[in-house]
Amino acid sequence: MNKKYLVLPAVLAVAAAVVATVNLWPTELKELRERNLCLGMLTERTAGLLQDGKGGAVVVDGLIPEGSGSVSRSVDPIFSTICFVNRENADDKSGMRLQYTLDVRPTETLNDPPKGATPIGDGLTGWVGQRRSEVQLPDRCAKEMRRPDAQYISVTLKVSPVAIVGRDWDYASLKKDSRTVILEAVENLTKQYDCAA
């Protein structure tokens with residue numbers, strides 16, 4: 001048998017083994033997305049922190065908005081999915097109450113903080129407001145998230161009016177919990193993409 005005919009099958013077998021190892025090897029991104037909610041951004045405990053006080057199980061839905069198109073779906077779902085954090089109604093399991101949304105977007109400019117917002121601190125750029133919070137991921141995250149053309153990658157948290165009313169308009173408490181939620185989302189994203197400051 002001629003040995004030159006054995007080279008191609010051997011090369012293909014090695015290539016297949018390398019591809020299988022890379023795909024099956026555990027990574028921080030895979031582990032966090034399997035273990036946590038909202039594409040790995042939040043633990044269940046933190047996801048339930050910002051709520052209206054009426055109880056019910058935490059239910060998380062990811063929605064890809066219409067018009068995202070097939071182009072958005074081919075890239076990382078973190079940019080095309082809005083995470084909705086809800087609570088089941090205690091008496092009616094079929095109904096849910098929206099508590100807040102969380103999404104990640106590439107952007108060219110950061111939004112100005114609304115009146116009454118406080119800086120996020122912890123060496124990050126961003127703010128926590130009464131109804132909305134926004135934090136910029138560290139600069140190198142755009143490259144690691146395969147969005148090198150983006151000036152910034154921002155994480156935005158929007159609190160539902162249901163949660164605000166349920167807290168009896170206690171904005172200090174809401175801002176404290178909003179800060180905890182958005183900081184955990186930022187921390188877990190920087191772990192997933194290995195881009196901490």
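**Disulfides, sheet and rings in a predicted model**

Numbered in sequence order, the bonded cysteines of the protein pair 1-2, 3-4, where a disulfide is a pair of cysteine sulfur atoms within 2.5 Å. This is a predicted model, in which local features need pLDDT of at least 70 and side-chain atom pairs count only at pLDDT 80 or more, while totals for chains, interfaces and linings use all residues. Residues are numbered from 1 along each chain as its sequence is written, and side-chain values use heavy atoms, with hydrogens and water left out.

Colleague: How many helices and strands make up the secondary structure of the protein?

Modeller: Helices (H or I, at least four residues) and strands (E, at least two) are DSSP runs, numbered from the N terminus. From that end the elements run α-α-α-β-α-β-β-β-β-β-α-β-α-α. The secondary structure therefore comes to seven helices and seven strands.

Colleague: In what order do the strands of the open sheet lie?

Modeller: Two strands pair if DSSP finds at least two bridges between them. The seven strands form an open sheet with antiparallel pairing, and their order is β1-β2-β3-β7-β6-β5-β4.

Colleague: Which residue of β5 does Thr118 stand opposite?

Modeller: β4 pairs with β5 (residues 125–128) in the antiparallel sense, over two bridges. Within β5, the residue standing opposite Thr118 is Val128.

Colleague: What angle does the direction of helix α7 make with that of β7?

Modeller: Helix α7 (residues 171–192) packs on the sheet and touches β3 (96–107), β4, β5, β6 (132–136) and β7 (152–159), where contact means heavy atoms within 4.5 Å. Axes are lines fitted to C-alpha atoms, for helices over the stretch in contact, and angles run from 0 to 180 degrees between N-to-C directions. Between the directions of α7 and β7 the angle is about 145 degrees.

Colleague: Is the link of Cys38 and Cys83 left-handed or right-handed?

Modeller: The sulfur atoms of Cys38 and Cys83 are 1.8 Å apart. The angle about the S-S bond is -45 degrees, and the link is left-handed.

Colleague: How many residues apart are Cys141 and Cys195?

Modeller: A disulfide joins Cys141 to Cys195, S to S 2.0 Å, and the link is right-handed, with 90 degrees about the S-S bond. Cys141 lies in helix α5 (residues 141–144) and Cys195 in the segment after α7, and their separation in residues is 54.

Colleague: What is the centre to centre distance of Trp169 and Tyr171?

Modeller: Rings of Phe, Tyr and Trp (its six-membered ring) pair if their centres lie within 6.5 Å; planes under 30 degrees apart count as stacked, over 60 as edge-to-face and the rest as tilted. The structure holds one aromatic pair. Trp169 and Tyr171 form this edge-to-face pair, with 65 degrees between the planes and a centre to centre distance of 6.3 Å.

Colleague: Which residue lies over the face of Phe79?

Modeller: A charge sits over a ring if NZ of Lys or CZ of Arg is within 6 Å of the ring centre and within 35 degrees of the ring normal. At 4.3 Å from the ring centre of Phe79, the residue lying over its face is Arg147.
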